[in-house]
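Work through these exercises with the sequence and the 3D view side by side. Try each task before reading its solution.

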Amino acid sequence: MAIGDDGALLGFLAATVGGSPGSFVAKVRLHQHAACGDDARMTYRHMYRALSEQLVEIGCFEHTVAVAVDRPEVVNAFVELSFGFDQIKGLRSMTPPDDARAQRVHAAGDVVLRAAVPGDLARIVDLTWELQQFHAEAPMLRPAVVDMKALRGDLSAGIADENRLVLLAEHEARVAGLMVVDPDGHIPAAATIGIAVVTAAVRGRALGTALLSGAADWAATRGFRRLCAGWTSANLVSDAFWRGHGFVPVRYTLTRRIDPRVKA
């Protein structure tokens, strides 16, 4: 917390730490920070100085903070503290923009959409791993590291859960795309798209748009009024796709990775 000279509360900053020693990640969520007064920038700077010292002391060298897009002064404060844009969460109404190309592809039968069944799990895992490898390419350059056991468990649970959607796109009788949709835990009446991938061999053939249309239909029949999607800000393909399909950024996640040698 930050306290003014008159004893008034100026702000607070807290983090949730997870992981294991040597690979801790500290996450500052939207409800875990705020600052008021005429100099919120300086308040954040002093609060992060105190918090980061504690985090590094316990071996936590990756710090993330979620900030609403409509708070540019807070975004700027963290950018000045060596944070960089990492993830974007976008939101749109349920009514999708017209996409005549996707409609033609769908009508021609080039893409078949269906819900996943347990027998699809191996292919779904392969697609997810392909997505991780894509994220390892420039300009994202994120290591392709994933807990395969946890991934299989979550996808298996999603297939079995009627409140979640694991949607597949088949092209020439082969599963070539995947989109996972869940109720959003923070935005009322919204469903959120998590994993979304189209295999590289058929990328650019409107499979992603067809999947998005199917996801929106599923969400609409369950009473959701809005659709969310999250993507890596440095992912040029995803950024163009989601923005091009009407998703407007509402939240940024900024990340700072600290060289562990600072404590050597």
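**Exercise 1.** Which residues form one aromatic cluster?

Solution. This is a predicted model, in which local features need pLDDT of at least 70, side-chain atom pairs count only at pLDDT 80 or more, and totals for chains, interfaces and linings use all residues. Residues are numbered from 1 along each chain as its sequence is written, and side-chain values use heavy atoms, without hydrogens and water.

Apply the pairing rule: rings of Phe, Tyr and Trp (its six-membered ring) pair if their centres lie within 6.5 Å; planes under 30 degrees apart are stacked, over 60 edge-to-face, the rest tilted. The cluster is Tyr44, Tyr48, Phe78 and Phe83.

**Exercise 2.** Classify the pair Tyr48 and Phe83.

Solution. The ring centres are 5.2 Å apart and the planes stand at 70 degrees, so the pair is edge-to-face. Tyr48 lies in helix 1 (residues 40–57) and Phe83 in the loop between helix 2 (72–79) and strand 7 (84–93), so the pair ties together parts 35 residues apart in sequence. Helices (H or I, at least four residues) and strands (E, at least two) are DSSP runs, numbered from the N terminus.

**Exercise 3.** Are Tyr48 and Phe83 buried or exposed?

Solution. Buried means under 20% relative accessible area, exposed over 50%, partly exposed in between (1.4 Å probe, protein chains only). Tyr48 has 4% relative accessibility, so Tyr48 is buried. Phe83 has 6%, so Phe83 is buried too.

**Exercise 4.** Classify the pair Trp231 and Trp242.

Solution. The centres are 6.5 Å apart and the planes at 20 degrees, so the pair is stacked. Trp231 is in strand 12 (residues 226–232) and Trp242 in helix 7 (residues 236–244). Both are buried.
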